[in-house]
Each structure stands twice: as C-alpha cells, then as structure tokens.
Amino acid sequence: MPQIKLSFEKQILKTKMPFGISYGTKSDAKNILVKLTYENMTGYGEAAPAPYHGETIDTVMALLQAWSESDILGDDPFAISEINQKLDKFISENYAAKCAIDVALHDLSGKLANLSISKMLGLSGLQTQMPQTDFTIGLDTIEIIKQKTSDAIKEGFQILKVKQGTANGIEYDKQIIRSIREVAPNTTLRVDANGGWTPKQAVLMSHFLAEQKVQYIEQPIHKHSSAQDFKYVKDHSPIAIFADESVMRAKDIIRLADCVDGVVMKLTKTGGIQEGLKFIQMARACDLEVMIGCMLESSCGITAAAHLAPLADYLDLDGALLLANDPFNGATCKSGLLELKDAPGLGISPTSLSGLESKL
Ligand SMILES: [Mg+2]
C-alpha cells in the first residue's frame, strides 16, 4: 500500500493593512502550508500558530518534520480519527500543527471520494442557514479605524467586529466605539477584547457597549481567568459574553459552561475539523451559542472552517479577506455571505501567488 506523504513549507501572508489586536500589531502572518500526497492526489492544510496559544512557526515546523520522518500517517487517508489519536499521543496540545494535518486529510479523502467535505460530513443542504460573516476592524489610530469602517460598509459588510482591550485603557476603547458609531450608526457591532480587561473594567465596558447597541463581547478577560471571574462578568453584563482563548477544545467548555453565553470555535484551537465538530456539539449540549472564528489565514484555512459554518450562530471568517497575497482561491465572500464551491475536498485551488503551480 502507498504511504501518505507529508511535505510542508513556510508561507508569509501579507496583510493589506497592519492588523492590531491587544497582543500586538502585525503586517504579516507566518503560516505553514501542509501537503499530504497519496496516489497522485494532494490534500492541503494550513497551520496558523499563535504564541498566545503556545505555538510558533518553529514548533510547528519541528513537529511536521518529525511526523514526515515517521510512519505516523500510515497508508489510509480515510483513517482520520486514528491518525488524530496518534498525533495526540505523540504530543499534547500543539493544535495548529494538528489542524493542518486533519484539514489536509479531509481535503485528501474528499478528493479521493470525489465528495466535498460538507457532503462527507453530512452537512449538505444546510448552506442556506449559514450566518453572515463579520469583518474585523483591528486596533489603530482613530482616523484609520474610521476609514476602515467606512471601507467595510462600502464593501457591503453588515456586521463589524471591533478589536478592543488596548494598552491605552478603556477610555480609548470607548473612543474607538464612539468613532465607529459616527460612521456606522446602525451597523451590527460586536467586540473582541482579546483578554485585555480586568473583570471590573469588563463590566464597566459591558454597560457602555450595551448603550452603543453592541451585540456581544468576546474574551473580555484574560484567558487564564477563573470561572468565578467569567461568572462575575456574565452576571453583571447586560450583553452576552463569549469565551475564545479560554476554550481550546471541547473539554475546556465544561469549566465555563455556566459562566459564559457562548464560545468561539477555531480549527487552529481544536486541532482540526473532527475536534471542531466535537467542540460545537459540546457547546450545544451545554446550551451555549457558537461563533466560528479564524486567525490570519489564507483561503485554505478559512474554507475549511466555512464547511462547518452552517452549524454556527455567528461567523468571523474574514482572515483571508485581510490578505494581500492569498495563495488560494476557495470560499468566496460577497457582502458578508460566504459561498463554498461544490468541489471535492475543501474546494480550493492554488493561485499564481502561491508559488505552488510549478511544483504541482
Ligand atoms: Mg477572538
């Protein structure tokens, strides 16, 4: 039997504009593209490591190197659960690296079966239920934030996600929201503080944000905050509270199930599509709302998440839209509405920017 062959390469994804969140500002994302080859078919996956999730480009490359030199992937591209179990036994956490393998296996097995991932997962027919994605407004000067807001509205986005939790304090955060409201008085807004507030600041902000008709707050307090701190914020906030960085995999939801209103699923946090589905099922079992989010990722990672999008209440899948050099064509986005191609696997193809064509 032929073996599944793993290869990988670094990808520098440039953003159209610098992108700021409470952890810092970046103008590129260093991701890793994974290729799994079997019987002349190639499946793609992407790792988008984040230091605040405990991974760097070096940790991902080291793991991929080790896996490529071992027989861990075996000879059956449909043995995704078994391979994921082996990766979890090999090393704990490191979910971005595991995500790249899981997604590439889904792409590969879908191509071999001539079915899209949505069809393989039994999600056909749900696409009309897919929520609109928001567009993220990163931290910046007030002037640039206003410009980005106005550009996003011109492009037809009806929902904006605003980054908060600045080092300048909550008065500056309030100023950001007021400025956005000048340009976008009726647009649906949601806020992501990326853990930048104390519980008391979060409660103060929640009242201000409720007045500003903000829909909900994502990760108001630090990722390692206690369940009691989350419960304190939730009980005193007039708007919904979501946990993102605090919940990586399905098992993490249990600790906060009574302390938040919703959770954010990202394939980079769960380690791929299989665990992503489990995460969503666990959230539903705990009566929580679900947002599907992303990192700065190309259309490879975004399209993978889009296959699960009909299962979410809210979407933040704009990662590829922020890029100047997306190496793939995949799910398209028009005025916030994502559309998947009914093609085998992920339904992505390399663009001329990928540098892949010569190697295929
Ligand atoms: Mg977030």
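**Notebook: sheets and helix packing**

I began with helices α5 and α6 and noted that α5 passes α6 in a right-handed crossing. A crossing is right-handed if the near helix is turned clockwise from the far one by less than a right angle, and left-handed if anticlockwise. Helices (H or I, at least four residues) and strands (E, at least two) are DSSP runs, numbered from the N terminus.

I recorded the basis of the work before going on. Residues are numbered from 1 along each chain as its sequence is written. The model is predicted, so that local features need pLDDT of at least 70 and side-chain atom pairs count only at pLDDT 80 or more, while totals for chains, interfaces and linings use all residues.

**Entry 1: α5 and α6**

I looked up the geometry of this pair. Helix α5 covers residues 142–154 and helix α6 residues 170–183; they pack at an angle of about 40°, and their axes are 9 Å apart. Axes are lines fitted to C-alpha atoms, for helices over the stretch in contact, and angles run from 0 to 180 degrees between N-to-C directions. The two helices are therefore oblique to each other. In this scheme angles under 35 degrees count as roughly parallel, over 145 as roughly antiparallel, 65 to 115 as roughly perpendicular and the rest as oblique.

I then listed the contact residues. From α5 they are Ile142, Ile145, Lys146, Thr149 and Ser150, and from α6 Gln175, Ile176, Ser179, Ile180 and Val183. Two residues are in contact if their C-beta atoms, placed from the backbone, lie within 7 Å. By class, the contact of α5 with α6 has 5 nonpolar, 4 polar and 1 charged residues. Ala, Val, Leu, Ile, Met, Phe, Trp, Tyr, Cys and Pro count as nonpolar, Asp, Glu, Lys and Arg as charged, and the others, Gly among them, as polar.

**Entry 2: α6 and α7**

I followed α6 to its contact with helix α7 (residues 199–211), where the angle is about 20° and the axes are 11 Å apart. That makes α6 roughly parallel to α7. The crossing of α6 past α7 is right-handed. On the α6 side I found Ile170, Asp173, Lys174 and Ile177, and on the α7 side Gln201, Leu204, Met205, Phe208 and Leu209. The residues of this contact divide into 6 nonpolar, 1 polar and 2 charged.

**Entry 3: the parallel sheet**

I traced an open sheet of 8 strands, with parallel pairing and the order β4-β5-β6-β7-β8-β9-β10-β11. Two strands pair if DSSP finds at least two bridges between them. The edge strands β4 (135–137) and β11 (314–315) each pair on one side only. Within the sheet, β5 (residues 159–163) and β6 (residues 188–192) pair in the parallel sense over 5 bridges. Valine 162 stands opposite valine 191 in β6.

**Entry 4: the antiparallel sheet**

I found an open sheet of 3 strands with antiparallel pairing, in the order β1-β2-β3. β1 (5–21) and β3 (41–47) stand at the edges with a single partner strand each, so one side of each has no neighbour in the sheet. On average, neighbouring strands of this sheet are turned by 25° against each other, direction ignored.

Helix α3 (residues 95–113) packs on this sheet, touching β2 and β3, and its direction makes about 155° with that of β3. β1 and β2 (residues 24–38) pair in the antiparallel sense over 13 bridges, and a hairpin joins β1 to β2 through 2 residues. I checked two positions of this pairing: serine 7 stands opposite lysine 35 in β2, and phenylalanine 8 opposite valine 34 in β2.

β2 and β3 run antiparallel and are joined by 7 bridges. The bridge partner of leucine 36 in β3 is glycine 43. Their hairpin has 2 residues between the strands, and in that hairpin glutamate 39 takes a positive phi near 45°.

**Entry 5: α2 and α3**

I looked up the packing of helix α2 (residues 80–90) with α3: the angle is about 165° and the axes are 11 Å apart. The two are therefore roughly antiparallel to each other, and the crossing is right-handed. Ile80, Ile83, Asn84 and Leu87 of α2 meet Lys98, Ile101, Asp102, Leu105, His106 and Ser109 of α3. This contact has 5 nonpolar, 3 polar and 2 charged residues.

**Entry 6: the whole chain**

I counted 12 helices and 15 strands in the chain. The C-alpha atoms fill a box of roughly 65 × 40 × 40 Å, taken along the principal axes.
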